[in-house]
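Let us walk through this structure together, going from its overall layout down to individual atoms. Have the sequence and the 3D view side by side as you read.

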Amino acid sequence: MALKSPVHYAGSITSGQKHLGCFGVPGCDRSRCVRCDKKSRTCQLVTRAISVDRSQLDFSNPDWKKQFQEDFNRRFSLPHLKDVIDVEPRPTTFSLKSRAPLENVNGSIQESWNGYVNDDDRALLKVIKFASPTSAGAYCIDPDCSWVEQWVHRAGPRKQIYFEPPYVKAGIVTCGGLCPGLNDVIRQIVLTLEKYGVKNIVGIQHGFRGFFEDHLAEVPLNRHVVQNINLAGGSFLGVSRGGANISDIVDSIQARRLDMLFVLGGNGTHAGANLIHEECRKRKLKVSIVGVPKTIDNDILLMDKTFGFDTAVEAAQRAINSAYIEAHSAFHGIGLVKLMGRSSGFITMHASLSSGQVDICLIPEVPFTLDGPHGVLQHLEHLIETQGFALICVAEGAGQEHLQQSNATDASGNMILSDIGVHLQQKIKSHFKEIGVHSDVKYIDPTYMVRAVRANASDAILCTVLGQNAVHGAFAGFSGITTGVCNTHNVYLPIPEVIKSTRVVDPNSRMWHRCLTSTGQPDFH
Ligand SMILES: Nc1ncnc2c1ncn2[C@@H]1O[C@H](COP(=O)(O)OP(=O)(O)OP(=O)(O)O)[C@@H](O)[C@H]1O
Ligand SMILES: O=P(O)(O)OC[C@H]1O[C@](O)(CO)[C@@H](O)[C@@H]1O
Ligand SMILES: [Mg+2]
């Protein structure tokens with residue numbers, strides 16, 4: 001049974017909380033909706049990690065849970081090379097014990113010493129039992145919010161591998177925008193591959209373009225080459241957007257005789273990686289395609305967080321603090337900081353929470369009005385009147401409905417957004433001029449300064465874990481998978497499950513509620 005599309009029980013609103021500008025929109029009332037589609041003005045529920053078409057589940061059937069779980073297990077099973085080609089496993093060459101050769105060690109001691117992960121090990125994807133669909137952040141499969149165990153595959157080294165390391169050629173490519181930690185991941189992939197005994201490791205330059213642009217030569221990688229690359233931000237291999245011709249890329253993979261490809265990137269990159277995996281399957285190639293989610297926006301489904309996000313939140317503090325100092329010191333100062341986040345407001349929400357200085361936090365998931373008695377400008381007047389200054393933190397994708405859209409896209413097809421920061425700055429200036437109140441607006445856009453820094457300590461550890469697990473996944477024979485942290489545990493997930501939609505801030509989540517509590521901002525509609 002194939003189940004699709006979002007659950008419709010998710011995301012009721014707690015009483016007293018106004019409904020994000022969707023009141024009166026069909027299907028969207030005070031108690032049933034968490035998100036309003038800005039273009040169509042129809043109420044949409046934030047897509048949760050798990051999606052099922054409830055029309056295909058009959059909850060009166062006592063077996064519905066079993067059906068759900070069977071479907072879940074099918075969707076989350078990991079594609080393996082042996083699904084399409086004849087491949088035999090061999091004992092792994094990955095060993096933490098370096099002084100004694102593998103053959104000399106008793107099997108079970110060797111296994112526990114090396115900490116192998118059993119193929120049947122699983123981690124729980126969801127750990128909260130919601131008593132009601134109206135609980136903050138609730139996602140439910142059925143109207144009673146029944147508890148259904150959802151297990152996903154644990155990441156880590158296996159006892160059996162599907163490649164002969166001395167004959168393996170492995171490639172690494174970094175796509176999309178920059179993100180703190182890319183070099184840490186590249187480095188760990190190389191170190192771990194070498195640990196297995198791989199000698200032939202290459203970097204593909206500037207994303208998918210490196211596969212077919214002749215002047216972009218392969219970069220030979222080894223422990224020596226990557227030793228210090230984590231000390232700098234950016235990508236040692238370069239990045240790019242666009243240029244993902246799947247057939248050409250797979251031709252190039254064949255011509256280069258790659259056995260493994262590690263693809264570091266966000267949603268778009270993972271969509272590309274999955275198509276590459278499918279094309280390799282179609283051609284019956286023994287090539288493992290493994291993704292490592294790279295998104296500073298933290299917008300990949302199912303994962304606790306992606307690498308670079310923590311660092312970005314930390315780096316944003318400097319801008320927020322500077323804006324605060326400027327606003328606080330000026331007469332009627334208004335500080336305005338724009339942070340990244342095309343469609344997800346995680347950086348802006350976390351940076352606002354972290355700084356504690358932000359009065360107004362605006363994210364793409366929560367529409368707002370500027371004018372009128374409940375608008376942002378009215379609240380700014382109130383802040384100037386009562387505390388003498390104000391600080392706004394806005395995500396780049398917020399409030400796009402207030403701006404003229406160009407419909408232009410970047411090379412990857414991502415919509416080029418209009419600048420909400422500049423728009424807000426102008427609106428605030430003209431509003432205060434109109435009402436004859438002095439204001440001093442200081443606008444800071446630290447976008448690329450935030451993104452170009454090296455990973456902080458916590459992200460460096462996350463990168464290390466992800467890089468190592470990506471290599472273990474490839475050697476285990478999986479392909480079309482990605483790796484991440486779910487409920488603090490490291491797991492492998494089939495790529496299609498993490499790119500079903502963009503992960504966004506749930507306005508009914510405790511985190512957004514905490515942010516509102518911290519800023520003290522009212523509903524802007
Ligand atoms: N749906 C898709 N199918 C195949 N390839 C894609 C798809 N979307 C994007 N790509 C390719 O993936 C690469 C990266 O895409 P994109 O620029 O959207 O970055 P991303 O991986 O989403 O990361 P970021 O978080 O920086 O936006 C590009 O080379 C692009 O052409
Ligand atoms: O200017 P670039 O390189 O296209 O990247 C900008 C985009 O990258 C992201 O940080 C995602 O990587 C978005 O938040 C942002 O819109
Ligand atoms: Mg993208």
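Taken over C-alpha atoms, the centres of domain 1 and domain 2 are 34 Å apart. The protein chain is divided into domain 1 (160-306 + 455-499) and domain 2 (309-453), with bounds that come from an automatic or database domain assignment. Please keep in mind that this is a predicted model, in which local features need pLDDT of at least 70 and side-chain atom pairs count only at pLDDT 80 or more, while totals for chains, interfaces and linings use all residues. Residues are numbered from 1 along each chain as its sequence is written, chains are lettered from A and ligands numbered from 1 in the order in which they are written, and side-chain values use heavy atoms, with hydrogens and water left out.

How do the two domains meet? In contact terms (heavy atoms within 4.5 Å), 19 residues of domain 1 touch 19 residues of domain 2. About 1600 Å² is buried between domain 1 and domain 2, and carbon and sulfur atoms give 48% of it; buried area here is the accessible area (1.4 Å probe) that two parts lose on being put together, summed over both. Arg241, Ile296 and Asp297 supply 37% of what domain 1 buries against domain 2, more than any other three residues.

Two salt bridges are counted between domain 1 and domain 2, a salt bridge being a side-chain nitrogen of Lys or Arg within 4 Å of a carboxyl oxygen of Asp or Glu. Look also at lysine 305 and aspartate 310, whose side chains form a salt bridge at 2.8 Å, N to O. On the side of domain 1 that touches domain 2, there are five nonpolar, eight polar and six charged residues. In this scheme Ala, Val, Leu, Ile, Met, Phe, Trp, Tyr, Cys and Pro count as nonpolar, Asp, Glu, Lys and Arg as charged, and the others, Gly among them, as polar.

Now turn to ligand 2. Both domain 1 and domain 2 give residues to the shell around ligand 2, so this ligand lies between them. The shell (residues with a heavy atom within 4 Å) consists of Arg241, Ile296, Asp297, Met340, Gly341, Arg342, Glu396, Tyr448 and Arg451. By class, that makes three nonpolar, one polar and five charged residues. Oxygen atoms of ligand 2 lie 2.7 Å from a side-chain N or O atom of glutamate 396, 2.8 Å from one of arginine 451 and 3.0 Å from one of arginine 241. The protein covers 80% of the 400 Å² of accessible area that ligand 2 has on its own, as computed by the Shrake-Rupley method with a 1.4 Å probe.

Ligand 1 has 19 residues around it, the closest being Gly177, Arg241, Gly242, Thr269 and Ser412. The side chain of serine 412 places an N or O atom 2.6 Å from an oxygen atom of ligand 1. From the backbone, a polar atom of glycine 268 is 2.9 Å from a ligand 1 oxygen. Of the 620 Å² that ligand 1 exposes when taken alone, the protein buries 81%.

Key:
Polar contact = N/O pair within 3.5 Å; in protein donor to acceptor, adjacent residues only side chain to side chain.
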